[in-house]
Amino acid sequence: MLSLSLPSKNILGFTVNFLIRCKILPRRSNTSSLSRNISVFASYEQEESSPGRYSDEVNVVQASDFIEILQLCARNGAVMEAKSCHGKIMRMELQGDITLSNVLINAYSKCGFVDLARQVFDGMLDRSLVSWNTMIGLYTRNRMDSEALEIFLEMRNEGFKFSEFTISSVLSACGANCDALECKKLHCLSLKTSIDLNLYVGTALLDLYAKCGMINDAVQVFESMQDKSSVTWSSMVAGYVQSKNYEEALLLYRRAQRMSLEQNQFTLSSVICACSNLAALIEGKQMHAVICKSGFGSNVFVASSAVDMYAKCGSLRDSYIIFSEVQEKNIELWNTIISGFAKHARPKEVMILFEKMQQDGVHPNEVTFSSLLSVCGHTGLVEEGRRFFKLMRTTYGLSPNVVHYSCMVDILGRAGLLSEAYELIKSIPFVPTASIWGSLLASCRVYKNLELAEVAAKKLFELEPENAGNHVLLSNIYAANKQWEDIAKSRKLLRDCDVKKVRGKSWIDIKDKVHIFSVGESGHPRIREICSMLGNLVIKLRKFGYKPSVEHELHDVEIGKKEELLMQHSEKLALVFGLMCLPEGSTVRIMKNLRICVDCHEFMKAASMATRRFIIVRDVNRFHHFSDGHCSCGEFW
């Protein structure tokens, strides 16, 4: 039984004052039964009361009066008043009332006292479905997911029948840990009890499936639901975005529009996020217009999505305008605008924004420093990078994570400070990840440091034994140092490991038809025309500073042959075909399954300036934007 420390006199005296402050209890106590009963409570003093007197109180005061007070305590978060009521309930032996105990559990729950709520629950001799649901909901709201699942199992073991609310609450608990197995079990249970088509259960199911990456199961649940709310549609759109099915997210949103469903900030934020990941500027502008029209433009989360969308599409001016119009900026919005300028290699603007952020009293977090270190790496600001890396620990007490160390290694590696980068890796308080060693290996390739390259490659072979790219990169470093025997050994090791290198491919969508190009493409019907135009374009691009980076073509052949091999890269062929087919002024969007090489990177920048086109190359998880020579890629070149 729960023990409470209670005052000796007027046990509900301050409850009366609390009710008066809330303007619920009139000062004249003869106007309502609740007022009279509370006044009776307050008139007694525990030291002078006899046991018989409490039996008289029971006749005067009913459990419903306590229920009304406890509901008020729950709404106002008044835990002391709730404890006072609890003490009086125990004194008057009303704790056997199931409804009263449920309301008491809820009051403690809303006040944030989980342990007290559980003690009341454990002390109940009889429990109703509401009792179990209240406790499950309490654990779910407080992100105590394992406890929510345990009490659900306890409920099942005791033979209680569950409701739609029970299942939806437990599904929410599973969603926090993306527990796909539990989701499947609960789905089967809801099918057996015929509540799978319930609006709340269905929405919780599809949301959990989407969070677990099981998007096909989520779609199946969504399509099987007869009734769908705006929350259901929003969850499904967000699920597509989470699983990186951005085109499907836009199509589903258009479908929702045709049904004239109510717009909400969650749907709009998800859709504009899809536009940003597709770099679909036209669709993004349309969504921005919808946001302004629907009145969600001031919502900080929707505004953050819009800022991110315009930045990823290269419209930094529009991105900053939206950012400036938001009155109350949170840390997420600041991080979004700083990240946008950082990806476009604009260090001056990033530094200014960082200073303004501090002046506004917003403390930077780990994400902020990731953007700061990233822009330092891409613009060669070694000293600034060191300063930020030190600042986050000394001034803000933030511990660098794997992203910060990877960025710092990249900063040092790009500047040729490979020994310092290696020493930094050795000082990392956790096991260095593949991204950190990969950054060092890429820098070793640029500066032809074979000794450190072999160290980094050995670590990468242990961490990523199935990644053929690491073997190829080491082989390229051997080639740059003209160590052809080591190349042969490296390639033999690659064959012996039975690891296959993915063939580089690029594809471009022209008039709803996808054209695929591979390295040295020869099967495309217009390949001769493409190669001819590519040769002419290279001559034109030389005037804009482009020079084939033959030092990165690591075959043991003559210079002329190396330039010829560079011209056969898939992204160059796709770009030229896009320039041939798309009207002037349109954006050229290229999809790629591997990282863009150094020479193609320079080629794209020059082509952007020469043709006055906005060129986007999208690879696995990253975008490269080329507009007026600016590049927002985050790769380690």
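In this predicted model, the second largest pocket has a volume of about 870 Å³. Its lining comprises 27 residues, and those closest to the centre of the pocket are Leu278, Ala280, Glu283, Asp509 and Arg589.

**Lining of the second largest pocket**

- Helices H15 (246-258), H16 and H17 (281-294) each give two or more residues to the lining.
- Strands E1 (505-510), E3 (588-592) and E4 (615-618) likewise each give two or more residues.
- By residue class, the lining divides into 16 nonpolar, three polar and eight charged residues.

**Ser270 in helix H16**

- Ser270 lies in helix H16, which spans residues 265-278.
- With a relative accessible area of 12%, Ser270 is buried, because buried means under 20%.
- Leaving aside residues up to four places away in sequence, Ser270 touches Val237, Ala238 and Val241.

**Packing of helices H30 and H33**

- The axes of helix H30 (residues 527-541) and helix H33 (residues 598-611) come within 10 Å and cross at roughly 85 degrees.
- H30 and H33 are therefore roughly perpendicular to each other, since angles of 65 to 115 degrees count as such.
- On the H30 side, the contact involves Leu534, Leu537, Val538, Lys540 and Leu541.
- These residues meet Phe603, Ala606, Ala607, Ala610 and Thr611 in H33.
- The residues of this H30 and H33 contact divide into eight nonpolar, one polar and one charged.

Terms used. Residues are numbered from 1 along each chain as its sequence is written. This is a predicted model: local features need pLDDT of at least 70, side-chain atom pairs count only at pLDDT 80 or more; totals for chains, interfaces and linings use all residues. Side-chain values use heavy atoms; hydrogens and water are left out. Axes are lines fitted to C-alpha atoms, for helices over the stretch in contact, and angles run from 0 to 180 degrees between N-to-C directions. Helices (H or I, at least four residues) and strands (E, at least two) are DSSP runs, numbered from the N terminus. Angles under 35 degrees count as roughly parallel, over 145 as roughly antiparallel, 65 to 115 as roughly perpendicular and the rest as oblique. Contact means heavy atoms within 4.5 Å. Ala, Val, Leu, Ile, Met, Phe, Trp, Tyr, Cys and Pro count as nonpolar, Asp, Glu, Lys and Arg as charged, and the others, Gly among them, as polar. Buried means under 20% relative accessible area, exposed over 50%, partly exposed in between (1.4 Å probe, protein chains only). On a 1 Å grid over the protein atoms alone, a cavity is a set of points where a 1.4 Å probe fits but cannot get out, and a pocket is an open set with protein on both sides within 12 Å along at least five of seven lines; lining residues have an atom within 4 Å of a point. Grid points are joined across faces, edges and corners, and a volume is the space filled by probe spheres set on the points.
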